[in-house]
Amino acid sequence: MDTLAGLAMGFGHALTLTNLGWALLGCFLGTAIGVLPGIGPALTIALLLPITFSVPATGAFILFCGVFYGAMYGGSTTSILLNTPGESGSIITSLEGSKMAKNGRAGPALATAAIGSFVAGTVGTIGIAFLGPIVVELALKLGPAEYFCLMVLCFVTVSAVLGGSALRGLTSLFFGLLLGLVGIDLQTGQPRLTFGIPELLDGVNVVLVAVALFAVGETLYLAWRYVEGKQQVLPVGSIMMSKSDWKRSFWPWVRGAGIGFPFGVMPAGGTEMPTMLSYYMERKLVKPEHAKEFGTTGAIEGVAGPEAANNAAAAGILVPMLTLGLPTSATAAIMLSAFQSYGIQPGPMLFTSQAELVWTLIASLFIANVMLVVLNLPLVGLWARILKIPQPQLYAGILVFATIGTYGISNSVVDLVLLYGIGIIAMFMRRFDFPVAPVVIGMILGPMAEQALRQAMTISQGDWSVFVTRPISLAILLVAVAALVGPRLYGAWVRRMAA
Amino acid sequence: MRDTQRSDLGAAVFVLALGLLSAWQATVIPTTPLYAQVGPKAIPYLIAAALVVLGIGLVAAALRGGWSHDLEEVQAAPPTNWRALTLLLAGLLANLSLIVPFGFTVAATVQFTLAAAAFGSVAHARNVAIAFVVSLGAYALFVKALGVNIGAGVIEALVFGDPG
């Protein structure tokens, strides 16, 4: 199906009252949790997974995508008004945004972030709609051997390329792969890594791990380092942007979206790199008369660009998720497991076997973007008030809901012990700078990679050379190797040149 | 040896131990009678081996000086807040031990109050009230609206009649 016909069908389904309701609920919830420090979209979608038992797939995914996009909008509010970024993608936004807020320009900063998010989200969603079918065409030519290599590439980029250290990133990844192994082996029915505990035969639940990493671990870490004191929420003021604000924001929005989307699409994932690039670009390109605002009173370009890049990258992440079934962020990984709980396998077949679902989802992303800009601009005062929920009750509430989400899976105390145990590990991971996203991605993608590997081996009758004799799989593996050693070789080369 | 270096070594040894533990678990996977090109043991061995190698790498990194002292967050970190951490862990333990005999609402209320106290709240009576209302509301939402059982007990039976 071509893009325009698909979109027409998608809008037809998305504009029903029920689906609009799901989108609105998702946007509202997403913005709220994006605003609240300490909870992000991955945790929220994980906690919402139980609705997959009672809600049709389309409604549930519209809700999830609303949460996903909404959290991006909400995150910028926190980073501007509190100067504590809610998630990694808005670290850069808080650089200039909080400076603008301190100088009484919180309103325009929030407005340019919201409108920039809208521009970038729309550009990104158009990108999904047109690029998706093309990627699918290519992906249909891939066999299990190529798929396995793609997953290896994904593993390498999410763990070893981004973040502080390849050693620690890979450790996180393998911890996730290990968790993914627990339970009955699907092909042969043998129990693996269950320590003889019957509750582990079904495997470790994804919700449990996500909640442990993002809620329990985070709360424990905050308690470990807790210093009493109140955070100050800066006043919003008028959100009206002046004519010059508009003029100064427009090109940064466009450039930010242009940088962000390709980064999201590439299996490297992550929103840190594009936001950083956009920030430095705007800093270079800014008109000389505004250059001194950077780092002093806060330059609007430094909010508009990175915020657009952040949203476009987030939209881009949906391309490999929907077309290849490859999640490159923790949130995408949780969404992938939601697909699995409906018995739907994301991948190239999704666009044909679930065309209605996919196009309704894409249409809903456009609708969500419109809803979000409407929700965010006039209601910004409401979101700012959410920031005033006192920390003790907020974190206590997060813990209680984390427990509900986990205990609800199977009413088992073993699950709670696992939840708190992994939570304590997550606290130490945070302290020792081990990234947590590779754990979730490894856990969800690991079993799929193992299956692809075994299928490839069955087809090749046990000949391991298939991975290097098939040209596409060899090429993908070479890219993975380059991604792993390239930055190190380059670093060594730079050091040698400097010496 | 610096403090941060010693704790880095601890983290590295933990990873190494995790690798060895999973290697042991891989050896006890029963050999399958079914034919398979790649059996159920291959990947577990591979992952265990990778964790052992990574653990050794981390131990080496720790012995060469560690990595934590370079982290801004560790340099700027306030001292460990033992009071908060203990109260929070007590909250987790309370939930673990109360949820089966007394049900979700009681367990969640105790956990909420302890966690709020960990983060410096002193209005304990008010927290109990908030926790009670929030968790009973959440119980109603999950069990009645979504059909997900989250643990019925004393309070739930009183409020909603039938348990579960």
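A: Start with chain B, which is divided into domain 1, residues 3-75, and domain 2, residues 82-160. This is a predicted model. Taken over C-alpha atoms, the centres of domain 1 and domain 2 of chain B lie 36 Å apart.

Ile56(B) is placed in helix α2 of chain B, residues 42-63. Is Ile56(B) buried, exposed or partly exposed? Ile56(B) has 14 other C-beta atoms within 10 Å, so it is partly exposed; a residue needs 20 or more to be buried, and 12 or fewer to be exposed. Leu18(B) is 38 residues from Ile56(B) along the chain, and their C-alpha atoms are 12 Å apart.

Now the contact itself. Chain A gives 54 residues to it and chain B gives 60. On the side of chain A that touches chain B, the elements giving two or more residues are α8 (166-181), α9, α18, α19 (413-431) and α20. Which of them gives the largest share? That is α18(A), with 13 residues. By class, this side of chain A holds 32 nonpolar, 15 polar and seven charged residues.

One helix pair crosses between the chains. Helix α9(A) meets helix α4 of chain B, residues 82-102, with axes that come within 7 Å and cross at roughly 150 degrees. The two helices are therefore roughly antiparallel, as angles over 145 degrees count as such. From α9(A), the contact uses Thr219(A), Leu220(A), Ala223(A) and Trp224(A). From α4(B), it uses Ala84(B), Leu85(B) and Leu88(B). Six of these residues are nonpolar, one is polar and none is charged.

Most residues other than glycine have a negative phi. Leu193(A) has a positive phi of about 50 degrees, although it is not a glycine. Leu193(A) sits in the loop between β2 (191-192) and α9 of chain A. It has 23 C-beta neighbours inside 10 Å, so it counts as buried. Asp433(A) also has a positive phi, near 60 degrees, and is not a glycine either. Its place is the loop between α19 and α20 of chain A. With 20 C-beta neighbours inside 10 Å, Asp433(A) counts as buried.

Helix α20 of chain A itself holds Glu450(A). Glu450(A) has 25 other C-beta atoms within 10 Å, so it is buried. Between Glu450(A) and Gly298(A) lie 152 residues of sequence separation and 49 Å from C-alpha to C-alpha.

Why is helix α3(A), residues 41-48, largely enclosed by the rest of the structure? Because eight of its eight residues are buried. They run from Pro41(A) to Leu48(A), with Thr44(A) among them.

Last, a helix pair within chain A. Helix α10(A), residues 243-265, packs on helix α13(A), residues 301-324, at an angle of about 30 degrees, and their axes are 6 Å apart. That angle makes α10(A) roughly parallel to α13(A). The crossing is right-handed. The contact of α10(A) with α13(A) has 19 nonpolar, eight polar and four charged residues.

Definitions and conventions: Residues are numbered from 1 along each chain as its sequence is written. Chains are lettered from A and ligands numbered from 1 in the order in which they are written. This is a predicted model: local features need pLDDT of at least 70, side-chain atom pairs count only at pLDDT 80 or more; totals for chains, interfaces and linings use all residues. Domain bounds come from an automatic or database domain assignment. Axes are lines fitted to C-alpha atoms, for helices over the stretch in contact, and angles run from 0 to 180 degrees between N-to-C directions. Helices (H or I, at least four residues) and strands (E, at least two) are DSSP runs, numbered from the N terminus. Angles under 35 degrees count as roughly parallel, over 145 as roughly antiparallel, 65 to 115 as roughly perpendicular and the rest as oblique. A crossing is left-handed if the near helix is turned anticlockwise from the far one by less than a right angle, and right-handed if clockwise. Ala, Val, Leu, Ile, Met, Phe, Trp, Tyr, Cys and Pro count as nonpolar, Asp, Glu, Lys and Arg as charged, and the others, Gly among them, as polar. Two residues are in contact if their C-beta atoms, placed from the backbone, lie within 7 Å.
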